[in-house]
There are 2 protein chains.
Amino acid sequence: MRVRLPDRKSRVTVEDVARRAGVSPSTVSRIMRGQAVVAEATRAQVMVAVRDLGYVPNRIAGSLASLDSRLIGVVIPSMSNIVFPEVLQGINVALVGSDHQAVIAVTDYDLDREEVAVRGLLAWQPAAVLIAGFEHRDATRRMLQHSGARVVEMMEIDQEPIDVAVGLSHRRAGYATGRHLIERGYRRFGYVGHDWAADRRARLRYDGLCAALAEAGLGVVAEARAGGASSVAAGRAQTARLLATASVDVAVYSNDDMAVGGVFHCLTAGIRLPVDLAIFGFNGLEIGRELPQPLSTLRSNRYLIGQQAVAAALASPLRPDRGLVIDTGFEVFAGATA
Amino acid sequence: MRVRLPDRKSRVTVEDVARRAGVSPSTVSRIMRGQAVVAEATRAQVMVAVRDLGYVPNRIAGSLASLDSRLIGVVIPSMSNIVFPEVLQGINVALVGSDHQAVIAVTDYDLDREEVAVRGLLAWQPAAVLIAGFEHRDATRRMLQHSGARVVEMMEIDQEPIDVAVGLSHRRAGYATGRHLIERGYRRFGYVGHDWAADRRARLRYDGLCAALAEAGLGVVAEARAGGASSVAAGRAQTARLLATASVDVAVYSNDDMAVGGVFHCLTAGIRLPVDLAIFGFNGLEIGRELPQPLSTLRSNRYLIGQQAVAAALASPLRPDRGLVIDTGFEVFAGATA
DNA sequence: CTGTTAGCGCGTTCAG
DNA sequence: CTGAACGCGCTAACAG
């Protein structure tokens, strides 16, 4: 006995529309894709049938037939770190009107889960995979390489990409932070950070900072690093630790979340910014700008990264001969805490 | 001339694997799905071929054949309002290991874009569509209704769902806020809000608040509402306006973003919390908890909402006879600002 | 400008 | 336990 699932899904097909409009399925298909030249009269007829029946073309069938899926895989490590939703925003905006859909996977900074996620995404034959960072399992990299999909590695550009990289040089960002603060007269540098194991980019910024300081004959005189992920709470706690350890005139933070924690600590402890202590972050989050005293920081352009990633991915279905690097840069936001 | 796209996508098919393992395609298919009973010997052979070739089953073909897509459509209004990424987090966690993928669309609070997004998602024949809120175009609602996919409306439960609703009663939340503050002795209530047109739920909370106040013979004595979306900046500006207008002992905010703005204004203006003014928010965002004085607020459980939405959607491919409502509740977080 | 003919890669019968 | 046949809904190539 043939038991078809009870009218699940849009049971109306090209065939239904074609029959009702008195044309062939191909004609309906052509019209739905707005592709080829079709007589205005037939188009009108067909569109009436489409509306009457509430026809929505089945993209699954369409993709199979055309071997082209209009699905964009996106792999990010976290949804709770606001930075990634901001990238998604950029991705989303660039996708609007392009007839592509984003399939999103979150790895929680776990490379094994990343591998599983990438495999799951590639099963959908996506036109492109936009993935955060350069750090992947070898197996993951291989799958991406062989998939035929465009691959955009987002957030950083300090390494050779599989296909395209869109982001900023975190090393240069750290260096720029150092230069900026030295120019403003700071000499005794402290560093407040979080776990580098899960956040290699924070480490790159630190290295850049140290390079700038070294050039000026300076160095980081004290540091306090939390064990886990970055957070306002960790920033606050580590700031207290740092100040108990040593006397510094400026504290550079691994990112704005941590820096905001630093500002809150100072607010609570009666430490005046930036006279008693200067604070400098990274990212340029909204919350930093809205603090009683705007946070001094470096703006990374997350939104732009998302946009450019999509643009690069959709520019061509074929990969360039050599890795393409798109630098979305960064800017110093002077603020009032440094 | 037959010009096939240059080996795009995973050109390895069941057929390739079957040939290499010396079995039929059906056998490979069965093994890949871990479904039917297969001799351990043949399974081993096949798995070797799978690994050698790096075979990844094509889900597009699979979905077409089985009429079942394992894609979950998600429609949210915004990525920049941290609340929605938190829901996505819950969704994501619930999806891990379920072999389903989330296809995400962002509408920017625009009902026309929502309609387009839903149409785009339904074209992929998703198993379910998780959508924020109850407010949709009629056409959108119709499409969802007829799609055959499970439909979960998230965030609120003050209305009759298409299929399932997961969230909290914003009216009751507002009411609870009122009761809580009255019990703490506050009598002169101010309200600081943002645009209700784009945020009906904020309106529901306001109504609930007013109901609680009315019961106690009280009312909102002054209010200040911003024109646009909620933000820390708007909260700060409207707080200044409110306090210039009238003298209140507590200000209820449309949400935590606005309330944090209020706290910052007070910090800057030297207004002591909660002695000179009490502040109460809504949502229970992390930033509120980390303020020098923890923000008094109501926790909505966004993460839980996402999780439950997925659970409800995957529980069965068929809709229940009548709308199902899942209440994820809310809790008062006393904090230190009220 | 339109119809016809073949698949896309896989899951699902149904026989063996 | 395994294989052959058929079709999911659509697009691509080719005639006309």
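How many helices and how many strands does chain A have? There are 13 helices and twelve strands in chain A. Keep in mind that this is a predicted model. The legends below go through it view by view.

**View 1. Chain A on its own, seen as a whole.** Along its principal axes, the C-alpha trace of chain A spans about 85 × 45 × 40 Å. The radius of gyration of chain A is 26 Å, whereas a compact globule of 338 residues would come out near 20 Å. Of the 338 residues in chain A, 52% are buried. Now take the contacts in chain A between residues at least 6 apart in sequence: 69% of them join residues at least 24 apart.

View 2. Twelve strands line up here with mixed pairing, in the order 11(A)-5(A)-4(A)-3(A)-1(A)-2(A)-2(B)-1(B)-3(B)-4(B)-5(B)-11(B). At the edges you'll find strand 11 (324-327) of chain A and strand 11 (324-327) of chain B; each has a single partner strand, so one side of each has no neighbour in the sheet. On average, neighbouring strands of this sheet are turned by 20° against each other, direction ignored.

**View 3. The spot in the sheet where chain A meets chain B.** Strand 2 of chain A pairs with strand 2 (residues 101-106) of chain B in the antiparallel sense, over three bridges. Look for V103(A), which stands opposite V103(B) in strand 2 of chain B.

**View 4. Two parallel strands in chain A, and a helix lying across the strands.** Strand 4 (residues 150-156) and strand 5 (residues 164-168) of chain A run parallel and are joined by five bridges. In one of the pairs, E156(A) has L168(A) in strand 5 of chain A as its bridge partner. Helix 13 (residues 302-315) of chain A lies across strand 4 and strand 5 of chain A, and also across strand 1 (71-76), strand 3 (128-132) and strand 11 of that chain. Helix 13 runs at about 160° to strand 4 of chain A.

**View 5. The contact between the two protein chains.** Chain A puts 50 residues into this contact and chain B puts in 49. On the side of chain A that touches chain B, the elements giving two or more residues include helix 4 (59-66), helix 5 (83-95), strand 2 (101-106) and helix 6 (111-122) of chain A. Helix 7 (138-147), helix 10 (232-245), helix 11 (256-269) and helix 12 (286-290) of chain A are also among them. By class, the residues on this side of chain A are 25 nonpolar, 16 polar and nine charged.

**View 6. The surroundings of DNA strand D.** There are 29 residues around DNA strand D, and T13(A), S29(A), A61(A), G62(A) and A65(A) come nearest. Both chains supply elements with two or more residues here: helix 1 (14-21), helix 2 (25-32) and helix 4 of chain A, plus helix 2 (25-32) and helix 4 (59-66) of chain B. Helix 4 of chain A gives the most, with five residues. The surface near DNA strand D has 17 nonpolar, ten polar and two charged residues.

**View 7. The surroundings of DNA strand C.** Around DNA strand C there are 27 residues, and the closest are T13(B), S29(B), A61(B), G62(B) and A65(B). Helix 1 (14-21), helix 2 and helix 4 of chain B each give two or more residues to this surface, as do helix 2 and helix 4 of chain A. Which helix gives the most to the surface near DNA strand C? That's helix 4 of chain B, with five residues. Sorted by class, the surface near DNA strand C holds 15 nonpolar, ten polar and two charged residues.

Definitions and conventions
Residues are numbered from 1 along each chain as its sequence is written. Chains are lettered from A and ligands numbered from 1 in the order in which they are written. This is a predicted model: local features need pLDDT of at least 70, side-chain atom pairs count only at pLDDT 80 or more; totals for chains, interfaces and linings use all residues. Two strands pair if DSSP finds at least two bridges between them. Helices (H or I, at least four residues) and strands (E, at least two) are DSSP runs, numbered from the N terminus. Axes are lines fitted to C-alpha atoms, for helices over the stretch in contact, and angles run from 0 to 180 degrees between N-to-C directions. Two residues are in contact if their C-beta atoms, placed from the backbone, lie within 7 Å. The radius of gyration is taken over C-alpha atoms; the globule rule is 2.2 Å times the number of residues to the power 0.38. A residue is buried if 20 or more other C-beta atoms lie within 10 Å of its own, exposed if 12 or fewer, and partly exposed in between; C-beta atoms are placed from the backbone. Ala, Val, Leu, Ile, Met, Phe, Trp, Tyr, Cys and Pro count as nonpolar, Asp, Glu, Lys and Arg as charged, and the others, Gly among them, as polar. A residue is near a molecule or strand if its C-beta atom, placed from the backbone, lies within 6 Å of it.
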